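Let's take a friendly walk through a protein model. Have a look at the sequence and the 3D view, then read on.

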Amino acid sequence: MRAFFIGLQFLTRLSLVHQENWTAEDFGRSVKFFPLIGAVLGLLYAGAAYGMLLFLPSLGVVLPPHVASVILLLLPPLLTGGLHCDGFMDTMDGVFSGRDREKMLSIMKDSRVGANGVFGFVLLMLLEWAILLDLFPTPEFLLQALFLMPIIARLMMTGAVALYPYARPEGMGKAFAAYTDGRTVAFAALSALCFLLPFGWPAAAALIVSLLFTAFFASFVIKKLGGLTGDIYGAVTTLNEGLVLLTFLVSAALLR
């Protein structure tokens, strides 16, 4: 379980067992547990939504939907320390800068955030806020989406780490890529499916949409950078979380 707790401590602010002296191999072994780490986050997201939608109203406390949506929107960056959000913004700044490969990689390594990163992140947050707000009339779909969102997104990150080349000669993401293989993906996929199967075709649709998008996005980035980076892993996670929410919104609309 050491690798699981290392992954949990790195990807989230949840330090159940404090780990020190991490090695590159420890990072690599933690990758297969990413969907399980997503399940921990999903329980917290869905639990918060349940409390605001069902438990508090039973006590006579009713939060306005737009306020509750903002709280749910804030939970992922708060519980992950903004790790994936940072990767998403760096990706937007670098990949869409219009520069050559080396300059793109340099921009992504810069600690400052540029206009593309700010614009992309604000747009994504507005879109997710609107989706969450529209899901409130169908609480069962909202709870399912919030639970499965981090699981599917981290399964996609596992696939991105294991199945695509790394763009830099060194870096934190290199440690993930160096110690992962097809068995890593198989373990992650089986653990994710254990959570997805009870939720039927909406969960299957979300998984298929995420698989197609991740393959497209990874291919797009590889053409520009020659591989993926740690920032790209964060962008894959962040974008797939939004896609899962969107897929469940469409599923809810089809069943109305």
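In which helix is Ile37 found? Ile37 sits in helix 3, which covers residues 34-58. Helices here are DSSP runs of H or I with at least four residues, strands are runs of E with at least two, and both are numbered from the N terminus.

Before going further, a word on the source: this is a predicted model, where local features need pLDDT of at least 70, side-chain atom pairs count only at pLDDT 80 or more, and totals for chains, interfaces and linings use all residues. Residues are numbered from 1 along each chain as its sequence is written, and side-chain values use heavy atoms, with hydrogens and water left out.

**The whole protein**

The protein has 12 helices and 0 strands. Its C-alpha atoms fill a box of roughly 55 × 40 × 35 Å, taken along the principal axes. A compact globule of 256 residues would have a radius of gyration near 18 Å, and the protein agrees because its value is 18 Å. This radius is taken over C-alpha atoms, and the globule rule is 2.2 Å times the number of residues to the power 0.38.

**Inside and outside**

Buried residues make up 52% of the 256 residues. Buried means under 20% relative accessible area, exposed means over 50%, and partly exposed lies in between (1.4 Å probe, protein chains only). Ile37 counts as buried because its relative accessibility is 0%. Lys223, which lies in helix 11 (residues 200-225), counts as exposed because its relative accessibility is 76%.

Both residues have a partner elsewhere in the sequence:

| Pair | Separation in sequence | C-alpha to C-alpha distance |
|---|---|---|
| Ile37 and Leu8 | 29 residues | 6.0 Å |
| Lys223 and Arg101 | 122 residues | 9.6 Å |

Leaving aside neighbours within four places in sequence, Ile37 is in contact with Phe4, Gly7, Leu8, Leu11 and Thr12. Contact means heavy atoms within 4.5 Å.

In soluble globular proteins, nonpolar side chains tend to be buried together. Here the largest nonpolar core has 78 residues, of which Leu72, Leu146, Leu225 and Ile232 touch the most other members. Helix 8 (residues 139-163) gives this core its largest share, 14 residues. Such a core is a set of buried Ala, Val, Leu, Ile, Met, Phe, Trp, Tyr and Cys residues joined through side-chain atoms within 4.5 Å. Beyond its neighbours within four places in sequence, Leu225 is in contact with residues including Val95, Arg101, Met104 and Ile232.
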